[in-house]
Amino acid sequence: TSKFDPKDPTIVYAATGEGNGGLNGCGVLRSGDGGNTWTTGLTGLRSTAGTGGPFLSLVVDPATAGSASSSILLGATLFSNAGIVRSVNSGASWTPVLNTGPASSIVAHPTKPGTFYAGDRVTTPATSRGVYRSADVGLTWSQLPPFPSVDPNSIGRVEVAMSKATPGVVWALVGDRSTSGFLGLFKFDEATSTWTQLAADG
């Protein structure tokens, strides 16, 4: 996955690896000239402890964006020891901040600076699977209530999304780890802290 810096589009990040195919990457690459040249993982832009691995999602914190040395980045990884990793130096180094295992997605809140949501598909315990929220730019995370009428043992990949049109709502598409199908599409209301499953055909 790739991301342009929201303040300086000449800064581009490429989070490498393919989570669905099980292909490890070389961490996160960075370009400072619009993608013409890249700093590779061999020079420091690796994920954790000098090792590579697949990133499924990457976000650049809008409030700290625009810097080649001090922007905060958050990445969702398939590392067994770190679901969400965080960089405070534009990707030069990374620290695990949600050590639950594989994570699927991250999204920045459209109107609340510093707030992020992440979909987590940790292997064990099953009760830790679901959606997490951070209100301190990814430093700490808390799990949202479980999805209604869903056996956590069945939860696979969790993709989250938000929209400026309805900033108090988080959508989550939940995969079935047994069938590779879908368990459902859910909507979280920040005001009531509750999930609602949405009707879907097909």
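How many bridges pair S13 with strand S14 (residues 182-189), and in which sense do the two run? The answer is seven bridges, in the antiparallel sense. Before going further, a word on the model itself: it is predicted, so local features need pLDDT of at least 70 and side-chain atom pairs count only at pLDDT 80 or more, while totals for chains, interfaces and linings use all residues. Residues are numbered from 1 along each chain as its sequence is written, and side-chain values use heavy atoms, with hydrogens and water left out.

Let's start with the overall picture. The chain has zero helices and 15 strands; here helices (H or I, at least four residues) and strands (E, at least two) are DSSP runs, numbered from the N terminus. Of the 202 residues in the chain, 47% are buried, where buried means under 20% relative accessible area, exposed means over 50%, and partly exposed is in between (1.4 Å probe, protein chains only). The chain exposes about 9200 Å², and carbon and sulfur atoms supply 54% of that; these areas come from the Shrake-Rupley method with a 1.4 Å probe, and for residues only the protein chains shown count as cover. As for contacts (heavy atoms within 4.5 Å), take those in the chain with a separation of 6 or more: residues 24 or more positions apart account for 40% of them.

Back to the strands we opened with. Strands of a sheet pair through backbone hydrogen bonds, either parallel or antiparallel, and two strands are called paired here if DSSP finds at least two bridges between them. The hairpin from S12 to S13 goes through two residues, and Val160 stands opposite Ala172 in S13.

Now for an open sheet of four strands, with the order S8-S9-S10-S11 and antiparallel pairing. Strand S8 (103-108) and strand S11 (142-143) stand at the edges with a single partner strand each, so one side of each is left without a neighbour in the sheet. S8 is joined to strand S9 (residues 116-120) by five bridges, and Ser105 finds its bridge partner in Gly119 of S9.

The loop between S9 and strand S10 (130-134) holds Arg129, and this residue deserves a look. Arg129 is buried yet has no salt bridge, a salt bridge being a side-chain nitrogen of Lys or Arg within 4 Å of a carboxyl oxygen of Asp or Glu. The nearest side chain of opposite charge, Asp151, is 7.0 Å away; for charge, Lys and Arg count as positive and Asp and Glu as negative, while His and the chain ends are not counted. What does the Arg129 side chain reach instead? One place is the backbone oxygen of Val122, at 2.7 Å, and another is the backbone oxygen of Pro152, at 2.8 Å. Leaving aside neighbours within four places in sequence, Arg129 is also in contact with residues including Asp120, Gln143, Ile155 and Arg177.

Salt bridges do turn up elsewhere: the structure holds two. In one of them, Lys112 meets Glu190, with the closest N and O atoms 3.5 Å apart. Lys112 lies in the loop between S8 and S9 and Glu190 in the loop between S14 and strand S15 (194-198), so the pair ties together parts that are 78 residues apart in sequence. Lys112 counts as partly exposed at 41% relative accessibility, whereas Glu190 counts as buried at 17%. Glu159 and Arg157 also meet in a salt bridge, at 2.6 Å from N to O. Glu159 is partly exposed at 29%, and Arg157 is partly exposed at 26%.

Most residues other than glycine have a negative phi. Ser90, however, has a positive phi near 60 degrees, and Ser149 has a positive phi of about 60 degrees. Buried or exposed? Ser90, in the loop between strand S6 (82-87) and strand S7 (95-98), counts as buried at 0% relative accessibility. Ser149, in the loop between S11 and S12, is exposed, with a relative accessible area of 80%.

How values were computed
A polar contact is a pair of N or O atoms within 3.5 Å; within protein, one must be able to donate a hydrogen and the other to accept it, and residues adjacent in sequence count only if both atoms are side-chain atoms.
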